[in-house]
Amino acid sequence: MFGLRNWRIGSLFGIPLEINVTWLLVFALVAATLAFSYFPTVAPGMPLQVYILLGAVTAVLFFASVVAHEFSHSLVAKAQGAHIARITLFIFGGVSEMEEEPSGPGHEFVMAIAGPGMSILLAAVFWLAFVALQSVRGPNAIAQVLQYLAAINLLLGVFNLLPGFPMDGGRVLRSILWAITGNLLKATKWASRTGQAIGYTMVAGGILGVVVGHTFDLVWFVFLGWFLASLADSAYQQQVVKTQLSNVAVSAVMSSPVVSAPGDLDLETMVERYFIGGHHSRYPIKDDGRLVGMLSLPQAKAVPREQWRDTRVADVAERDLDRLVVPANESVDQVLDRLVGPPGAVLVTRDGDLVGIVTRNDVVHALQRIRGLS
């Protein structure tokens, strides 16, 4: 994400949750705005430390709501058989990273609507809690926290329903166009164009507000609109690539034969003999002749140097074989998302035997050949 560092803070329902370094900036900004501007206005007369506490707690609850929004997408997708690589919080909110597209328009519709549905549900819950607290004349500060969370969740849900791909509303639109046309690429094209139109409209509106209205609060509209327009174009280009590779089997692009390493090898010997003395940056790992995982150079380097001699290769290798291993007749477009992040490759099997490996470079070369023939 933006080429900047992510930190894993835990996992829920088997889905890792990470925060990008950019999220820290927006968290601090939200908490400070609430503490020094919002709460002193709506709940005057309290000590500064109380406002700071209210700002921090409200910011945490807001981002917990964002996490709930993303987990709603992910759990619906997971129930449909999709693998969720991670959920990442970053400067513009959150994103669920799925390793495959929905299998049909109905699946995409349900998955896409789940997130805004959760946000609107949370808005209703916070609003009812606010009304209940008001009815018993509870503390005004707590009531203002609940009112803010109700409003921000409603805004989050409604904004995400804007029909611009790859936002949730854009995915809803794409699912409808997909069902009507039966063509995923065509549906993606029109949903992405709508996303670009919304994004550029936000950019123009933000610039107009700054120049004419002299309000710099709308600068965020410019950045958000530009980000949405860029994402929409990128999402369409990714779909073009997937369509071009949908009829290409991984066996046609794999590198073969494959050099594997024994799992009981210590990491120091592995680095010297394979990574330095060999020709590859990742290797399948076998224990007693049985495939157990794959190890890349970045994964090896993540282990402290002084621990290499006492660390078995099999203990630090990526061992999720459901993610790492694909049959030889699998289409390349189905494995693209698995090539993102370490170990950056998938292993190809035929009748249970390891026959090849596919890396990002293999896919790039295949795509170049396809475009050269078109």
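Which residues are buried in helix 8? In this predicted model, the buried residues of helix 8 are Leu267, Glu268, Thr269, Met270, Val271, Tyr274 and Phe275.

The overall architecture is as follows. The protein contains 12 helices and 10 strands. Its C-alpha atoms fill a box of roughly 70 × 55 × 40 Å along the principal axes. Of the 374 residues, 45% are buried. Contacts were also sorted by sequence separation. Among those between residues at least 6 apart in sequence, 60% join residues at least 24 apart. The accessible surface comes to about 18,900 Å². Carbon and sulfur atoms account for 63% of that surface. Charged side chains number 26 positive and 28 negative. The centres of the two sets lie 4 Å apart.

A nonpolar patch is found on the surface. It is formed by Phe109, Val110, Ile113, Ile120, Leu154, Val158, Leu161, Ile176 and Ile180. Together these residues have about 740 Å² of accessible area. Helix 3 (105–135), helix 4 (140–160) and helix 5 (168–181) each supply at least two residues of the patch. Helix 3 gives the largest share, with 4 residues. Val158, one of the patch residues, is found in helix 4. The relative accessible area of Val158 is 48%, so this residue is classed as partly exposed.

Salt bridges were searched for across the whole structure, and 9 were found. In one of them, Arg171 pairs with Glu108, with the closest N and O atoms 2.8 Å apart. Arg171 lies in helix 5 and Glu108 in helix 3, so the pair ties together parts that are 63 residues apart in sequence. Both partners are buried. Arg171 has a relative accessible area of 16%, and Glu108 has 0%.

Another salt bridge joins the side chains of Asp337 and Lys242, at 3.5 Å from N to O. This pair links distant parts of the chain, 95 residues apart. Asp337 sits in the loop between strand 8 (325–327) and strand 9 (345–350), while Lys242 belongs to helix 7 (residues 219–245). Asp337 is partly exposed at 22% relative accessible area. Lys242 is buried at 11%.

A further bridge connects Arg8 and Glu18, whose closest N and O atoms are 3.8 Å apart. Arg8 is in strand 1 (residues 6–12) and Glu18 is in strand 2 (residues 15–20), 10 residues apart. Their surroundings contrast. Arg8 is exposed at 56% relative accessibility, whereas Glu18 is buried at 9%. Salt bridges with shared partners join Arg8, Glu18 and Arg86 into one network.

Contacts of Leu184 were examined next. Leu184 lies in helix 6 (residues 184–211). Beyond its neighbours within four places in sequence, Leu184 is in contact with Arg174, Trp178 and Gln239. Leu184 and Val240 are 56 residues apart in sequence, and their C-alpha atoms are 9.9 Å apart in space.

Backbone geometry was also considered. Most residues other than glycine have a negative phi, and most peptide bonds are trans. Phe165 and Pro166 are joined by a cis peptide bond, with omega about 10°. Pro166 is placed in the loop between helix 4 and helix 5. Ser256 and Pro257 are likewise joined by a cis peptide bond, with omega about 0°. Pro257 lies in the loop between helix 7 and strand 5.

Positive phi values occur in non-glycine residues as well. Phe13 has a phi of about 55°. Phe13 lies in the loop between strand 1 and strand 2, and is exposed at 51% relative accessible area. Phi of Asp351 is near 55°. Asp351 is in the loop between strand 9 and strand 10 (353–359). The relative accessible area of Asp351 is 77%, so this residue counts as exposed.

Terms used: Residues numbered from 1 in each chain as written. Predicted model: local features only at pLDDT ≥ 70, side-chain atom pairs only at ≥ 80, totals over all residues. Heavy atoms only, no water. Buried < 20%, exposed > 50% of the residue type's maximum accessible area, 1.4 Å probe, protein only. Contact = heavy atoms within 4.5 Å. Areas by Shrake-Rupley, 256 points an atom, 1.4 Å probe, with all protein chains shown as cover. Lys, Arg positive; Asp, Glu negative; His and termini not counted. Charge placed at Lys NZ, Arg CZ, Asp CG, Glu CD. Patch = residues over 30% accessible without salt bridge, like charges linked within 9 Å, V, L, I, M, F, W, Y side chains within 5 Å. Salt bridge = Lys/Arg side-chain N within 4 Å of Asp/Glu carboxyl O.
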